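Reader: Could you walk me through this one? I'd like to start with the ligand and then move on to other things.

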Amino acid sequence: MIGSANGQRIGITGLGVHVPERIVTNDELARHVDTSDEWIMERTGIRERRMAADGEALTDIALPAARAALADAGVEAGEIDLLISATVTPDMMFPTSSALMADTLGASNAAAYDLLAGCTGFVYAIVQAYGMLASGLSRRALVVGGDVLSSILDWEDRSTLVLFGDGAGAVVMEPVERGGFLAFELGADGGGGVHLQLPGSGSRKFERPESMLRMNGREVYKFATRVLVSSAEAVLAEGGRTVGEVDVYVPHQANKRIIDHAVGKLGVPHERTVVNVDRFGNTSSGSIPLALADARADGRLRDGALVLMTGMGAGLTWGSALLEWTASPTSGGRG
Ligand code: UT7
């Protein structure tokens with residue numbers, strides 16, 4: 001799916017993020033599986049990640065992010081009429097985490113649902129919210145992206161344990177006077193889905209039900225390097241922009257080598273690329289909002305900046321969005 005904004009100005013007016021307190025270093029993981037800080041740093045660029053405490057579930061991590069996004073936008077929860085939560089690790093299948101969060105926040109006027117699109121969930125969710133806002137069905141949306149992947153990691157599988165972390169981010173989306181989203185591209189390849197899966201998590205019966213994440217790293221690596229480039233190029237062409245115009249490039253934070261590959265192929269300067277996989281690992285749906293927050297904190301996400309974001313992950317899925325950043329009213333024009 002590919003499309004442009006069609007003259008409608010809808011942007012992000014609030015951004016908030018939250019990660020669990022517990023920092024897990026590579027050395028700590030090396031006490032559980034046969035790995036080393038050296039291997040993890042060299043192959044992934046990940047130095048540490050955050051992991052939820054015992055008993056901490058998705059909404060415990062996502063709610064502080066949602067509250068921060070609402071405060072950043074200067075809106076009350078009651079003014080939200082749509083809440084989408086992108087996640088593969090909801091508190092439980094139902095009630096949905098979005099409905100639970102809407103209730104806790106006091107977003108009593110909001111339609112609320114969870115969205116499953118693997119690590120691309122956040123990008124899929126902002127495209128959905130855009131569609132609802134552009135059609136006039138929704139006036140103000142809260143999009144939450146977050147995961148507690150530590151809850152589905154196999155602590156005996158070194159090939160996955162070292163890659164992932166927990167975290168969440170949220171954005172408020174609504175009509176804006178300047179800037180806003182320009183174009184989107186989304187895709188899915190279920191044929192490759194077998195390379196990153198959680199079988200045994202749904203209604204299909206398996207001989208050996210599996211409740212832990214399983215991944216063929218090499219295949220996902222090939223997929224990731226391909227779609228990060230093709231999706232970014234497609235959305236730029238759709239939006240009538242060039243790579244040279246991109247001020248802030250926000251790729252999914254899965255692996256520093258994958259990001260470096262995309263940066264090289266696309267020709268985006270490193271200083272315009274947001275990288276925080278070293279501190280957070282791959283946080284799935286939390287990845288892009290966490291990276292946006294870092295870009296804002298370091299001053300790159302200034303008003304009017306052209307932002308290119310691309311996610312990819314389980315499904316297999318991918319998605320890109322192109323937007324001109326609109327500084328939120330409470331951030332003093334900083335971003
Ligand atoms: O949101 C999307 C989610 N996933 C991704 O984006 C992941 C994409 N894939 C990757 O990032 C990389 O493929 C990995 C980081 C998972 C693996 O890196 P690689 O350079 O592709 O390594 P490899 O799979 O080719 O494995 C090389 C060796 C193997 O040993 P042998 O067979 O050569 O003896 C692995 O068993 O490294 C071994 N290995 C490890 N060694 C130490 C795999 N994981 C580890 C580990 N520590 N944690």
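Author: Gladly, bearing in mind that this is a predicted model. A polar backbone atom of Gly217 lies 3.0 Å from a nitrogen atom of the ligand, and the protein buries 76% of the 950 Å² that the ligand exposes when taken alone.

Reader: OK, and which side chains have an N or O atom by an oxygen atom of the ligand?

Author: Asn255 has a side-chain N or O atom 2.7 Å from an oxygen atom of the ligand, and for an N or O atom in the side chain of Arg257 the distance to a ligand oxygen is 3.1 Å.

Reader: Which residues come nearest to the ligand?

Author: Of the 23 residues around the ligand, the nearest are Thr35, Arg43, Arg158, Arg218 and Asn255. By type, the shell divides into 11 nonpolar, 7 polar and 5 charged residues.

Reader: And which helix gives the largest share of that shell?

Author: Helix 7 does, with 4 residues, while the helices that each supply at least two residues of the shell are helix 2 (37–44), helix 6 (158–161), helix 7 (217–239) and helix 8 (256–266).

Reader: Switching topic to Thr225: where is its place, and is Thr225 buried or exposed?

Author: Thr225 is in helix 7, and Thr225 counts as buried because its relative accessibility is 11%, under the 20% cut-off.

Reader: What lies by its side chain, then?

Author: A polar atom of the Thr225 side chain is 2.9 Å from the backbone oxygen of Lys222.

Terms used. Residues are numbered from 1 along each chain as its sequence is written. This is a predicted model: local features need pLDDT of at least 70, side-chain atom pairs count only at pLDDT 80 or more; totals for chains, interfaces and linings use all residues. Side-chain values use heavy atoms; hydrogens and water are left out. A residue is near a molecule or strand if one of its heavy atoms lies within 4 Å of it. A polar contact is a pair of N or O atoms within 3.5 Å; within protein, one must be able to donate a hydrogen and the other to accept it, and residues adjacent in sequence count only if both atoms are side-chain atoms. Accessible areas come from the Shrake-Rupley method with a 1.4 Å probe; for residues, only the protein chains shown count as cover. Ala, Val, Leu, Ile, Met, Phe, Trp, Tyr, Cys and Pro count as nonpolar, Asp, Glu, Lys and Arg as charged, and the others, Gly among them, as polar. Buried means under 20% relative accessible area, exposed over 50%, partly exposed in between (1.4 Å probe, protein chains only).
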